[in-house]
Amino acid sequence: MVAPCLIRVKLPPMMEIITAEQLMEYLGDYILDAKPKEISEIQRLNYEQNMSDAMAILHKLQTGLDVNVKFTGVRVFEYTPECIVFDLLDIPLYHGWLVDPQTPDIVKAVGNCSYNQLVEKIICCKQSENSELVSEGFVAEQFLNNTATQLTYHGLCELTTAVQEGELCVFFRNNHFSTMTKYKGQLYLLVTDQGFLTEEKVVWESLHNVDGDGNFCDSEFHLRPPSDPETVYRGQQDQIDQDYLMALSLQQEQQSQDINWEQIPEGISDLELAKKLQEEEDRRASQYYQEQEQAASAQVQNSPRPRAGREKGRPPRTGPAVSC
């Protein structure tokens with residue numbers, strides 16, 4: 001997810017492989033060297049504090065950062081210390097999980113909440129005796145369930161408009177960070193799935209609908225289907241989209257499950273409860289994707305054929321291309 005910054009980092013000639021530890025060192029050196037020269041004392045102290053905070057969490061780039069989307073804009077995230085890393089490296093961070101402004105009931109229910117705040121709101125609304133609040137909580141919950149892939153067509157349209165031609169940026173979706181660019185008006189995601197290690201010509205995958213079944217391209221953005229199409233398209237009717245089900249399951253556990261309130265410590269606030277649920281979601285998601293990575297590594301070792309999909313065995317699905 002830090003690939004855009006490599007254009008500013010000088011790597012040794014003929015270097016073909018870089019470890020995560022080496023990459024962290026290069027990024028740390030870049031942050032230190034990028035310190036502005038002619039700034040005021042207040043700006044200098046502020047930058048040094050941001051730099052210190054960023055260095056403290058830089059190691060998290062190997063496992064994942066805590067970012068919390070807001071549903072009002074593709075560049076709108078709740079500010080967390082992790083966001084400082086993107087600011088210091090001057091890497092644009094995007095997401096596409098937006099509420100369609102043409103759905104006023106959802107707009108009202110979601111408001112300006114971040115994801116975590118919306119989870120807390122849903123919990124509060126469910127306990128309310130006010131029927132209007134209960135209804136609003138139900139609408140918000142349905143929105144999360146219906147957009148469990150964390151990308152909406154309105155969000156995709158906004159992304160296509162916001163990302164500049166040729167821009168290198170980071171796209172956040174379903175606990176994944178992907179390198180994204182725009183070429184001739186079309187968005188593309190860098191293919192990083194281990195199943196494509198043997199597909200040297202496959203570099204980019206188009207992002208043109210919310211279902212994730214993009215077209216594979218080479219480094220020049222020419223269509224380049226995998227050498228074994230059956231690997232990508234096999235079992236389209238029978239295979240299960242594990243990423244989608246994982247995201248949906250986590251959200252249903254967090255928002256839709258019947259909570260056994262007798263097991264909740266007396267006096268715990270809604271915010272504390274929401275945080276506990278979020279921590280459990282993060283833990284399960286991390287465990288799930290670690291297992292998927294291990295399974296992918298084992299599959300690559302046993303077979304040279306790439307797996308279906310870009311992320312963790314995602315099978316392609318048919319869906320309409322977006323037209324903005």
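Two strands count as paired if DSSP finds at least two bridges between them. The model shown in these views is predicted.

**View A. Strand 4 and strand 5 form a hairpin.** Strand 4 covers residues 169-173. Its pairing with strand 5 is antiparallel and runs over five bridges. Arginine 173 faces histidine 176 of strand 5 across the pairing. Two residues lie between the strands. One feature of the turn is asparagine 174, whose phi is positive, at about 50°.

**View B. Strand 5 and strand 6 form a hairpin.** Strand 6 spans residues 186-190. The two strands run antiparallel and are joined by four bridges. Tyrosine 183 has glutamine 186, in strand 6, as its bridge partner. Two residues again separate the strands. Lysine 184 sits in this turn and has a positive phi of about 50°.

**View C. Strand 5 is mostly covered.** Strand 5 runs from residue 176 to residue 183. Of its eight residues, seven are buried. It pairs with strand 4 over five bridges, and four bridges join it to strand 6. In a regular strand, side chains alternate between the two faces of the sheet.

**View D. Arginine 44 and glutamate 41 form a salt bridge.** Their closest N and O atoms are 2.3 Å apart. Both residues belong to helix 2, residues 41-57. They are three residues apart, about one turn of the helix. Arginine 44 has a relative accessible area of 26%, so it counts as partly exposed. Glutamate 41 is also partly exposed, at 47%.

**View E. Lysine 60 and glutamate 82 form a salt bridge between two loops.** The closest N and O atoms of the pair are 3.3 Å apart. Lysine 60 lies in the loop between helix 2 and strand 1 (68-69), and glutamate 82 in the loop between strand 2 (77-78) and helix 3 (83-88), so the contact ties together parts 22 residues apart in sequence.

**View F. Lysine 126 and glutamate 141 meet in a salt bridge.** The N to O distance is 2.9 Å. The pair links distant parts of the chain, with lysine 126 in helix 5 (residues 115-127) and glutamate 141 in helix 6, 15 residues apart. Lysine 126 is partly exposed, with 43% relative accessibility. Glutamate 141 has 8% and is buried.

**View G. Salt bridges with shared partners build one network.** The network joins Lys35, Glu41, Arg44 and Glu48. One of its links is the contact between arginine 44 and glutamate 41. The whole structure holds eight salt bridges.

**View H. Helix 6 spans residues 131-146.** The helix has 16 residues. From first C-alpha to last it reaches 22 Å, close to the 22 Å expected at 1.5 Å a residue. At its start, a side-chain oxygen of asparagine 130 comes to within 2.8 Å of the backbone nitrogen of glutamate 132. Buried residues in the helix include Glu136, Gly137, Val139 and Ala140. Glu141, Phe143, Leu144 and Asn145 are buried too. Of these, glutamate 141 meets lysine 126 in a salt bridge.

Notes. Residues are numbered from 1 along each chain as its sequence is written. This is a predicted model: local features need pLDDT of at least 70, side-chain atom pairs count only at pLDDT 80 or more; totals for chains, interfaces and linings use all residues. Side-chain values use heavy atoms; hydrogens and water are left out. The expected span of a helix is 1.5 Å times one less than its number of residues. Buried means under 20% relative accessible area, exposed over 50%, partly exposed in between (1.4 Å probe, protein chains only). A polar contact is a pair of N or O atoms within 3.5 Å; within protein, one must be able to donate a hydrogen and the other to accept it, and residues adjacent in sequence count only if both atoms are side-chain atoms. A salt bridge is a side-chain nitrogen of Lys or Arg within 4 Å of a carboxyl oxygen of Asp or Glu.
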